[in-house]
Amino acid sequence: MPARRIHRARRLGAAVVLLAVTAGCAQGQAAESTPAPTPSGTPTASGPLPVVAVPKMLDVSSLVLPVEPYLFTDRQVGRLFRAKAVLTESCMRRFGHSWPAPTGPIPETGTLNPANTAHRYGITDAAKAARYGYHPVPGSVPPQVKDKPTGPQPGREAMLVLRGLNQDGTPAAADSRGRRLPAGGCQAEATKALSGDPQKLGNRELVGAVNIGSYRDSQRDPRVVAVFRAWSRCMKRQNNDYAYADPTRVPGKDPKFNGPTAGRAELALASADVACKRETNVIGVRSSVDAAYQRRAMAAKQRQLTAVKKDMRTQLANADQALARRR
């Protein structure tokens, strides 16, 4: 493969992978299990990182990460931001401005669980790969619903009340009529009503760091590096042009695959990708190591994680109250 093509594949693949963060321990995957080696050189905070067993697996439908109970689901995030819109509308109305909260379905991102395990390792379903390649399976990603008011652009005074900022970006203490504004405007007031913090809504930084950190750390783990190399050799056997260092670099979004449907070349590449993941057990190794990194990171943060769970319950209860008042 020409150097330019390899470089482009790497660049595009890296971008795709960063959007597909998460996976974890397999539940109900059964199948065979083999002891996982713990080679020297494994990145650790204190001693070797243990992985008790690595299941033989390809299906990701039952993958669950240890951090998932501390992440809001897709639908929960939708509820939070819809509630924020409702509270913002109420605040704006107090100051005499129209800011209608959106109606209709709550927007979703199309993920099936809070950690997006369905997409973390790229494509894994052989039948879907053979039919759709790297294109989204019809119906797997719901249409996006705009969650902002439509119509004329808000005026300067409305934006002042909404954001609590003067035109030069400095905090505004009052509107043009001298009425005291909430710090940060109506948006910050709504956010604080839900989470207790005018600047934070939804997942806390701690769980995001665990979620993304385990993905990055596991990708550098020697066990994962080894299985990636095996996958790469398998791909080369399938087709001499498939010169990809690891599954994260397969160019599922290469410009030549951007047509409305998958072409023959894309379908062949996608099928080889999934076949080699099965042959080399990429999913079993990667998800097991990934989960181990999460468990280690979480072990030192139990007190903080308990607080995260409490915070999640508070945010959702406040969101439900706000939405119930609007009905």
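Here is a short tour of the model, one selection at a time.

**Before you click**

This is a predicted model, so local features need pLDDT of at least 70 and side-chain atom pairs count only at pLDDT 80 or more, while totals for chains, interfaces and linings use all residues. Residues are numbered from 1 along each chain as its sequence is written, and side-chain values use heavy atoms, with hydrogens and water left out.

**Stop 1: the whole chain**

Show the protein chain as a cartoon. Following the sequence, the pattern reads α-β-β-β-β-α-α-α-α-α-α-α-α-α.

Of the 327 residues, 42% count as buried. Buried means under 20% relative accessible area, exposed over 50%, and partly exposed in between, using a 1.4 Å probe and protein chains only.

Among contacts (heavy atoms within 4.5 Å) with a separation of 6 or more, 77% come from residues 24 or more positions apart.

**Stop 2**

How many disulfides does the structure hold? There are two, a disulfide being a pair of cysteine sulfur atoms within 2.5 Å. Select Cys91 and Cys186 to see one of them, with the sulfur atoms 2.0 Å apart. This pair links distant parts of the chain: Cys91 sits in helix 2 (residues 74-94) and Cys186 in helix 5 (residues 185-195), 95 residues apart. The torsion about the S-S bond is about -70°, so this disulfide is left-handed. Both Cys91 and Cys186 are buried.

**Stop 2: Cys234 and Cys276**

Next, select Cys234 and Cys276, which are joined by a disulfide with an S to S distance of 2.1 Å. Cys234 belongs to helix 7 (residues 222-238) and Cys276 to helix 8 (residues 264-280), so the bond ties together parts 42 residues apart in sequence. The link of Cys234 and Cys276 is left-handed, with -80° about the S-S bond. Cys234 and Cys276 are buried. Count the bonded cysteines in sequence order and the pairing comes out as 1-2, 3-4.

**Stop 3: helix 4 against helix 5**

Axes are lines fitted to C-alpha atoms, for helices over the stretch in contact, and angles run from 0 to 180 degrees between N-to-C directions. Show side chains for Val161, Leu162 and Arg163 of helix 4, plus Gly185, Cys186 and Gln187 of helix 5, to see the contact.

**Stop 4: helix 6 against helix 7**

Select helix 6 (residues 205-220) together with helix 7: the axes come within 5 Å and cross at roughly 65°. Helix 6 is therefore roughly perpendicular to helix 7. Here Ser218, Gln219 and Arg220 in helix 6 meet Pro222, Val224, Val225 and Phe228 in helix 7.

**Stop 5: Val54**

Finish in strand 3 (residues 53-55), where you'll find Val54. Is Val54 buried or exposed? Val54 is buried, at a relative accessible area of 7%.

Definitions and conventions:
Helix = DSSP H or I, 4+ residues; strand = E, 2+ residues; numbered from the N terminus. Parallel < 35°, antiparallel > 145°, perpendicular 65-115°, else oblique.
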